[in-house]
Structure formats: C-alpha cells, structure tokens
Amino acid sequence: MSAHTETSEVRPVTLTGRVSDAMSRRPRLRLAGLLGLPMLWLVLVYFAALFALLITSFYSVDEFTNAVVRTFTTQNFVDVFTDPAYLKATLRTVGIAASVTVICIGLALPMAFFMAKVASRRWRNLLVALVITPLWAAYLVKVYAWQAMVQPETGVIAWMLKPFGLSGPGYGTTAVVLTLSYLWLPYMILPIYAGLERLPDSLLDAAGDLGARSGRTVRTVVLPLIYPSIVAGSIFTFSLSLGDYITVQIVGGKTQMLGNIVYQNYTTNLPFAATIALIPVAIMVVYLAAVRRTGALENL
Amino acid sequence: MAHKRLFKVAAVGALAALLATACGGSSSGGGGTSTQAEPPKLAALQSLGTGEGQVNILAWAGYAENGSTDPKVDWVTPFEQATGCKANVQVANTSDEMFEKMGAGQFDVVSASGDSSLRMIYAGKVAPVNTSLLTNYADIPAWQETQQWNSVNGVAYGIPHGWGAQLLAYRTDVAKPAPDSWSVAYDANTPYKGKVTVYDSPTDGLAMAAVYLMATQPDLGIKNPYALDQKQFDAAVKLATDQKALAGSYWSAYTDAQKALESGSTVVGSTWQIIVNLAKADKAPVESVLPKEGATGWADTWMIDAKSPHPNCAYLWMNHITSPPVQAQVAEWFGEAPANTKACDLTTDKTHCDTFHAKDEAYFKQIWFWSTPQSGCLDGRTDTTCVPYSEWTKAWSSLRNS
Amino acid sequence: MNLSRPARWGLGTAAAVVLAFVYVPLAVVLVNSFNASKVFAWPPKEFTTHWWKQVIGNPGIREAVLTSFEVGVVATLIALVLGTLLSFALARYTFFGQQTLSLLVVLPIALPGIVTALAFRTAFRSVLGVELSMWTVAVSHATFCIVVVYNNVIARLRRTGTSPQEASMDLGADSFLTFRLVTFPLLRGAMLGGALLAFGLSFDEIVVTLFTAPPGVITVPIWIFQNLFRPNQAPVVNVVAAILVVLSVIPIYFSQKLSGDAGHAGGRL
C-alpha cells in the first residue's frame, strides 16, 4: 500500500513524521501496531476467560463447599453423555433454535422483499425504522408482553380465540418458539434487506427480459444471491435461541433448554455447568465454520 | 498455510491454558477437600463501632421491605434514619443464588436458609457472630439458636430470623373439597393434572418427595428427607420425575407463583405464605394449608459476610431486624413464625404466633428444615453413605429435562 | 423489477401481517401500562395512570438510565477504537490467521450469552481476582461490541479502497495527517453507525450484565428485571418500555440517515 515517492532527500523532522515514516517502511510493524491492542484484548480478556471456563469441565467439585477441585477427570463428560435427559435437552434446544430460524426466515423474506423492491424510497426508510424500533423495547419487557399474550385462560391470545372456541397455546415449547421468533425477527429482516438492497435491479430486469416470470426470477436469481444474507441472519437467530434461558423460564412452563441447565448448576457444580455449556459452544463453532464458506460472515 | 493457521490456533490455546492454570484462583477454592472437620478460622467482630454509612443486604423476598412493594410496608427506612446506614437490598430467589453471591464482600448480610448456611460456613464465606453484640440474641428461644445449620462446635454463625414451612396452596373455587394432603400434587390420579406448581429447587423438590414417601412408602425406611441413601434417593427422584406429568410450572420467582395462582393456571402446589397473602390481597380465591404428611421448611439465619465491608452497619441491621416490633412486621408480612417470641405481643393479628406455632418447640422439631445433604448421613447412619448435594442438583436437572 | 399486481398485493399483505405481528405485543405493553391489574390480567378491567406517575417520580429509574448510559458510552468507545484498528488490519493486510481472526472476532456475539457471561464472571472473580464493578460490565460489553463496529467499518473500508490514502501520501502528508484529514472523514459515517448500534446493544443487554454487575450497579435491563419480581411494581416496567420505544426513534432516525446511503451492514451488526 505504501507508495512513498522517491523523495528520500526530504527526511521528516517532526516526531509524528518520523514515526509515520518508520511505520510506512515496515508494514509488519504497522500491522503489529494495528492488531496489537485488539488481539491483546480479545485473547487475554475473552478467550482466556472462555478457556478458563471450558477447562473447568475437566474438574470436579467438593461436594460440601461446592469449590472447584482441580484434579483432572472426565466424569462430567461421562455423565452428560450417558444420561439421555441431556441428549433430549440438546435435541430440544436445537429443535427450538431451528424452528425459530425457519419461522424468522419465512416472515423476513416477504417483508424484506417488500421493503427493498416494492416499497417506494420514501416508505423504505420508514419501514426500516419500524423494523428497528422494537429492538429498543427491552428484551424482558417483550418477553413479559408475550407472557401476557400466551397466559392460559387470561392471556390476550386466549381472549382472541375464545369466540372461536379455541384455546391459546399456553406455556410451553410453542410459546417459547413464538416468543423467540418475535424477539429475533429484526435480526433476520435487516441482513436480508441489506442484501436485497445491494441487488441491482438490472439483474432482475434482465431475468424478466429473458422470459422468466416473477416466481422463477425469485427462485433462480434472487434467492441464490441473497443466500449469504439469509445465512447471516440465521447465525443470530440460531445462536441467540441456543443459549437463551430467560424466555424459557417466563413462557416455557415446564420446558427446559440447555441454558437453563447451565444456569441451575453453575453455583453448585461449575464443572458440570461448563460441560453442558460446551454443547452450544461446539454447535455454534461448527455452524460458524460451516457458513464461513458461504460468505455470510461478511454480510452480518 | 494450513499448518501455520493450526500453529497459531494451537499457540493461542496453549497460552490461554497456561494462563488459566497458572493464575490459580481464589473462589475456585484451594482444591478444597471435604473440610467437614473444621470451617476456616474467622474472627467475629470484637466491638461495635459507628456505622459505616451503608449496608448491602441479600435477602429473601419480603424480608427487607423498604416501601417499594407497598408504601405502608417498610422497616428499612426507619432503620436508615435511626442508624445512618443506607441499605441496598437485593432479593435472591434461591439458596444457591445466595451461596454464590456471598463471600466476596459484595454483600454484608444474608438471610440464609439451612441448605446454604452450613455450606457458607464451611466455605469460609461467612464469619462467626459475636452474640454479645446482638442485643436480641437472648430473647430468641434456644431451640433455634446454635442449630445444626447455623453453628459449628457451639460457635454461632448468625442470628435466627424466623421460620416456616412450605405450604400447599390451592384455589378455593376449583380445589374442592379443600385438600389436606400432598397427594393432590403427587398422586397420578390427581384431578388437578397439569395445574400443579412445584418450587424449583433441588433441595426442596426432592426432600418434599422424600417426605411424601415417608408417609406413603414407609418400608423405604426414610428417617430424614435430607439423608437418603442411593435406594431412597432413586425413589425420591422417581416420584419427582413422575410428578412432572402433573406439574404445570416450576416456580422460583415468587411473583410468578402469585401470577399463576391468580390467573388460575396453578390450582394446587408448593408455596410460601407471602404468596398466598399477596394473592388474597388481589382478591384471588386462594388458601394455604400444612398437609398431614408434614412438609419441608426453612429456618433462616442472618449471617455476616466474611469480607463484609460494613461490619458495624451489618450488626446494626441484625439488631434491628431481630427486634420485637420489626419481627412482628416481617412475620405478618411474610407469613412466618418470628424468631424473637417477644414479637408475638406486637402483631396486629393477636393469633398470628399461634397460627404459625411460633412458641411451639415440638412443632418446630417436626418440620424438615432445608439442610445440605452430605455423604455422611445426616440421620446418623454409619453403615451406608448418603447422596451428597451436588448429585441432588444434577438429578434435578436431569429430571427436569427427561 | 416488474412484479405482477397480485404479487405486489401479496407482498404488501405479507409485510402488513409481519408488521402487525411485530407491533401487537408492543401495543399490549402500551395498553398494560395503563392496566390497573398488577398481574397483567387481560382484558384490562380498569385503567389507571398510576404507573406513569410512579415512573416520573422514581429516582431508581433515573439512576438506572444514567448507569446504562455510562456503561454504554465506555463500552462503545473501547469498541470503536479496537474495532477500527482491527478492521484496518484485516482490510489492508494479508497475514496468516486472517480467516481465523475474522471468525474469532465474531465469537463473543455468536456464542450463547450465558456462556460469555459465565466466562467473564469466572475470569473476573476467580482468575483475575478483580471485584465486580461498573468497569467489569463495560469491559464485557465492549468485547461483544467490537464486532459490531468492526463489521461496519470494514465494509466501508473495502468500498473506499486505498487510493485516497495513497494520493494523500503522494502529496506529502504523513500517516497521521492522512488519517485525520482523509481516512477519518470517509469512515466517520460507518464508525458512527457502528457506535450507535454498539450502544444500543449494550443498553439492552441483560444476561452478561446480570453476571458481571455488582449489586450497586443497576442498568436499565437490571432495573426492569428487579421490578418485574416485585409483586406490586411490575407494571411500571411497561411504562418504561413505552417511553424507551418512543425515545428511541431519534437515534434510530439518525443511524438510518448516516449509514443508509453508503450501504450499511444490516442485521445485528
């Protein structure tokens, strides 16, 4: 990048000038300067913390004081893998996360498409603002709003369905999926919208000129092009649902997800909680590595 | 290229691992062995000095009301005015939460129940109390002081606050006839299937199941619901697992339990008196009863953090909360028996202490107060080992997810 | 694109349905802020402005907003510096580990909140022996806000290319001058957009905050959390939410204007 011209006779005299000069002659030094601080932060603050937590899964607890005993043991892993309840919890959690993702995609696609391609420019900004605004109504408030909605017998949904003789979903997995889809929907709409916005209209016109009708154009031209955006949105809906434990407690009734197990056990049995925490971490790392190829990470 | 990347990741990993293991860790104890022999040596406060201006209180809901729940219910503001110690109250929902938060000096005092108090003592999270500095200590009946859960070798680690039993709450308009047995919450043929609520605590959930088994399966030989050998433990876990099909919710925040009772999604279930009181105040048809099989309960003790930054204010608070007028207020608000029996003359409802058996030592000894299960059986059996607490939490997690 | 009329109508209806789905619960929140029932019973039988009056005079919420603001500003500043540095490094240079790094920087936000929260808590209390304070909260927030700034800035960097900087240096300016007069103005929009998003993220964060905040530090989400557990106080939460939503229109509008044209990175980042 450095394209200093051959003015080597003019040596910089100010301190900043000299530093700048030295740096431009040594790209690696520049790089180190740029990377140094963030890397230090991420590695020392975050990854060391993460590692410290995950290493704990190989330890055990003093049964009485709940202090962590630092002797290496794989007992926690044995416990997690041999008890079918945890497999059930994992499948349930992944299932919920997947359902939420699918629902979000289903709702976001038409919305984003409308916003990007059908709505006029004036409306577009308004629509984006309307989509972003709910993000500022605090998470807990929205969950409790849904509690008010799904409450059996006295909830809003129950009230709306009563004339039809139906009852609402009540607390449970359905309520959890509905609430989580509601919470993360903006995080799915926005990347898809951004992706669609970047899509030049000329491509779509060209497809039309070549004889494709709207449906075909969407299927063969639009979807493949915004696929990375969809995947980008799915990273959030999936990971946010995977680790959630608060929503489940409030609208989930008896349902439990992996996050709840971690929350319940971290005070009395931190190593065990760490082992359970490894499950969603592993799932997400695999997921991220897999989607990296699709270029979704650049579309976040 | 791949080699280099692998190398880099491995290097980062090794560095972090080195950091993790090298930087020992304090709360991740000094590789604590089961130090049941001796709790760490900590000194009690020698003399009471002037207040430090602040006190951080970790309490059960309803124990330290400062007017925010109901402007007429406030015994914290008078304390602040009298002592100049500004009180920051934080509510904890479970004993585990309390256990985790104490010991670092973030809080000065905690109202610990028996299933966390002894653990706190042995973990060195709380310090012994100097009973001569506690003005009301002498007024509390001896059968509450220096008990198995709040003292070690005769050294007192706190001052009792009050006690009560886990009760069975029920909707009077749906649960007819009025239940008097836990069978409505455990029996597979209960008419209230799907509308039972259970307190979401491993200790209480499994011990309660054990109490029920004491009455329904006496051949299991359970003498103390917190001292369960493997066979008894498995039976309790099975009962709690079967209960899942009957349960509609597991509550930990008392407001959720209250909401559920008021809306009717809970018809019967485990509760605290304060929940029933609040629901009744909202005109909901709710009542409570202590079932015939007995119940688990809690005997709470105010303890002082080993690293308390405001020890003087802490003692001032402990004196305040155990004084007769305040004890009367708390006991009536929460719905429990006050530790200080002198409060019985000061309650607005003159029958309060009778209802809650505050002076009844025999009744007190019947309740199975929350304790920490240990492998050295609490009922004194030496021919077998009992299941320790960490296994209880795992079993609870497992059954909640099965 | 030429869409048939039925297709346009279909999409319009779908959009309307989605918007309804998004706003009905918020409407419930608004209505419940006037609901006399303390347990959010529906339909409301009695209406009252009691909760609104409670909030206006409540010192607790004012302090909470201040605390949230302070934490948010600190976290955003840290994230701005680190995120910008990182995006320069990854946009302008190639080095081994680059791909891994861009993956690693997403982790704080991609991993489940409770894992990040627990990791930080263990690190602060056990490994570093540091007491929890407002700074621990800000540090934790900053860590997952980095990627928000990073994504915005790197998108802009990739679009502007290196020619302006090269031209500036050809004309004799050193790196610092170049940055000040050439690069920074180009990036300003993206940095501001990223900063606003980071601030929003920090403001609404609950899980990590719960685990890394000491009892005295109460941010708005924690205040809401605590009040929802106070039996007679729960409805004030609805009022606060309604106010937050209304007030948020301003920063949202600004962030839209700033990042709208040069192609913002949408999504959570």
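Chain C averages a pLDDT of 81, and 91% of its residues score at least 70. pLDDT is the predictor's confidence in each residue, from 0 to 100. One stretch of chain C, residues 261-269, has a pLDDT below 50. Beyond near neighbours in sequence, this stretch has 31 contacts in the model; a contact means heavy atoms within 4.5 Å.

This is a predicted model: local features need pLDDT of at least 70, side-chain atom pairs count only at pLDDT 80 or more, and totals for chains, interfaces and linings use all residues. Residues are numbered from 1 along each chain as its sequence is written, chains are lettered from A and ligands numbered from 1 in the order in which they are written, and side-chain values use heavy atoms, with hydrogens and water left out.

The other chains have their own scores. Chain A has a mean pLDDT of 83, with 94% of its residues at 70 or more. Among the elements of chain A, helix α4 (residues 84-118) has the highest mean, 92. Helix α1 (residues 15-25) of chain A has the lowest, 72. Chain B averages 86, and 91% of its residues score at least 70. Residues 1-35 of chain B stay under 50. For that stretch the model has 45 contacts beyond four places in sequence. For the complex, the predictor gives an ipTM of 0.81 and a pTM of 0.83.

Now look at the fold of chain C. Its secondary structure comes to 12 helices and zero strands. Helices (H or I, at least four residues) and strands (E, at least two) are DSSP runs, numbered from the N terminus. Along the principal axes, the C-alpha atoms of chain C fill a box of roughly 75 × 65 × 30 Å.

Next comes the interface of chain A and chain C. The size of an interface is often given as the accessible area lost when the parts come together. Here about 9,000 Å² is buried, and carbon and sulfur atoms give 78% of it. Buried area is the accessible area (1.4 Å probe) that two parts lose on being put together, summed over both. Chain A brings 93 residues to the contact and chain C brings 95. Between chain A and chain C there are zero salt bridges. A salt bridge is a side-chain nitrogen of Lys or Arg within 4 Å of a carboxyl oxygen of Asp or Glu. Five residue pairs are in polar contact across this interface, both residues at pLDDT 80 or more. A polar contact is a pair of N or O atoms within 3.5 Å; within protein, one must be able to donate a hydrogen and the other to accept it, and residues adjacent in sequence count only if both atoms are side-chain atoms. Helix α2 (residues 27-55) of chain A gives the most to the side of chain A that touches chain C, with 17 residues.

Salt bridges do occur elsewhere. The count over all chains is 14. In one of them, R119(B) pairs with D96(B), the closest N and O atoms being 3.0 Å apart. R119(B) lies in helix α4 (residues 114-122) of chain B, and D96(B) in helix α3 (residues 95-101) of chain B, 23 residues apart.

The structure holds 44 aromatic pairs over all chains. Rings of Phe, Tyr and Trp (its six-membered ring) pair if their centres lie within 6.5 Å; planes under 30 degrees apart count as stacked, over 60 as edge-to-face and the rest as tilted. F233(B) and W392(B) form a tilted pair, 5.7 Å centre to centre, with 45 degrees between the planes. F233(B) lies in helix α7 (residues 230-243) of chain B and W392(B) in helix α14 (residues 389-401) of chain B, so the pair ties together parts 159 residues apart in sequence.
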